[in-house]
Amino acid sequence: MQNIFIIYTGGTIGMVKDVESGTFVPFDFELIARNLPDLERLDYKLTVHSFTPIIDSSNMNPTIWVEMAEIIRNNHDHYDGFVILHGSDTMSFSASILSFMLEGLQKPVILSGSQLPIGEIRTDARENMMTALEIASAKENGKSIVQEVCILFDNKLFRGNRSFKYNSAKFEAFRSPNYPVLAEAGIHINYNREALLDNTDKAFIMHTELDNRVGVLKLFPGISPAFVQSILDSNVRSIIMETFGSGNTMTDKWFLDMLEDTVKKGKNIVDISQCKVGSVELGRYETSQGLKALGVLNGYDMTFEAAVTKLMYLQGQLTDQEAVAYWVEKNIRGELTVND
């Protein structure tokens with residue numbers, strides 16, 4: 001019998017429609033259990049921890065992330081795997097930060113949910129839930145096949161810190177274009193062994209210190225100097241700069257001077273692309289050639305969600321800005337591909 005720990009935070013999967021307002025409102029885990037009679041047929045011992053109150057994923061924050069991580073740490077040695085039922089809107093943020101907080105994880109932590117509530121006739125909740133449980137319990141030669149934080153949606157398993165939600169109208173809600181799918185469920189669950197992390201024999205360490213002093217500068221044609229300056233002057237330690245194509249920016253002197261001045265003041269600027277597929281390549285074009293010389297950091301192919309949460313994690317562990325800058329450009333949990 002496999003022991004699986006379920007963390008129910010909330011989300012669409014456990015919602016019901018309010019008769020008066022016509023809107024979906026959260027309900028407790030009992031609703032899910034009633035709509036999944038097959039749970040009793042599985043050879044699993046399920047333990048459920050429900051958040052009180054139930055959380056809409058739009059209200060997710062670092063305090064809740066720490067609570068989730070602590071639940072996993074406190075139960076890590078007693079369970080074969082963990083399933084987190086979570087709203088899809090911020091699921092990639094939660095999966096990304098947990099991947100950084102749970103170093104050396106040797107058991108599966110699978111985040112899942114649904115696009116339709118479990119009580120709806122055409123819901124995707126049942127399939128997602130049952131497949132997440134099966135992957136959370138899967139072992140080979142006595143060890144878990146999956147040893148990382150993942151997202152399971154629409155029969156595909158993604159590395160959590162490589163995923164993002166791209167569609168709010170289809171069951172296929174998530175994608176991971178810069179890293180292969182870890183597993184795909186059909187008649188059988190086929191695992192992509194080469195793509196999976198192997199943390200066997202590594203020490204399991206949890207990190208709970210997070211620093212959310214992170215800003216975002218998204219570039220667009222016609223952006224004003226006053227707006228750029230307001231972002232760069234904000235009370236943050238690091239700024240994610242969402243650039244064009246493979247990391248390109250405008251070459252106006254006022255803009256480059258602002259970046260240089262900001263770096264000299266001790267703030268980190270991380271260049272990630274607005275494109276969902278591909279990687280930042282500083283210096284490939286003239287429009288990014290000078291950025292590295294100014295001290296702008298390469299975010300490579302990190303998702304926005306991974307970049308935000310990685311900076312929160314690094315800043316929580318490190319007070320030295322140069323140390324944060326060093327580790328931003330390193331692959332520490334499978335979140336980026338370094339192109340030498």
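This is a predicted model: local features need pLDDT of at least 70, side-chain atom pairs count only at pLDDT 80 or more; totals for chains, interfaces and linings use all residues.

Student: Start with D124. Where is D124 found?

Tutor: D124 belongs to the loop that runs between β7 (109–112) and α4 (125–137).

Student: Which side chain of opposite charge is nearest to D124, and how far away?

Tutor: That is R126, 8.5 Å away. D124 is buried and has no salt bridge.

Student: What does the side chain of D124 have a polar atom close to, in the backbone?

Tutor: The backbone nitrogen of L116, at 3.1 Å from a polar atom of the D124 side chain. L116 is also among the contacts of D124 beyond four places in sequence, along with S114, Q115, F153 and F171.

Student: Switching to Q147. Buried or exposed?

Tutor: Q147 is buried, because its relative accessible area is 3%, and the cut-off for buried is under 20%. Q147 sits in the loop between β9 (143–144) and β10 (149–153).

Student: Which backbone nitrogens lie by polar atoms of the Q147 side chain?

Tutor: Those of N199, at 2.8 Å, and T200, at 3.2 Å.

Student: What else does Q147 touch, leaving out residues up to four places away?

Tutor: L105, Q106, K107, L197 and D198, as well as N199 and T200.

Student: New topic: how many cavities of 30 Å³ or more are there?

Tutor: One. The largest cavity holds about 30 Å³ of space.

Student: Which residues line the largest cavity?

Tutor: The lining consists of R162, F164, P177, N178, K276, D301 and T303.

Note on methods:
Residues are numbered from 1 along each chain as its sequence is written. Side-chain values use heavy atoms; hydrogens and water are left out. Helices (H or I, at least four residues) and strands (E, at least two) are DSSP runs, numbered from the N terminus. Buried means under 20% relative accessible area, exposed over 50%, partly exposed in between (1.4 Å probe, protein chains only). Lys and Arg count as positive and Asp and Glu as negative; His and the chain ends are not counted. A salt bridge is a side-chain nitrogen of Lys or Arg within 4 Å of a carboxyl oxygen of Asp or Glu. A polar contact is a pair of N or O atoms within 3.5 Å; within protein, one must be able to donate a hydrogen and the other to accept it, and residues adjacent in sequence count only if both atoms are side-chain atoms. Contact means heavy atoms within 4.5 Å. On a 1 Å grid over the protein atoms alone, a cavity is a set of points where a 1.4 Å probe fits but cannot get out, and a pocket is an open set with protein on both sides within 12 Å along at least five of seven lines; lining residues have an atom within 4 Å of a point. Grid points are joined across faces, edges and corners, and a volume is the space filled by probe spheres set on the points.
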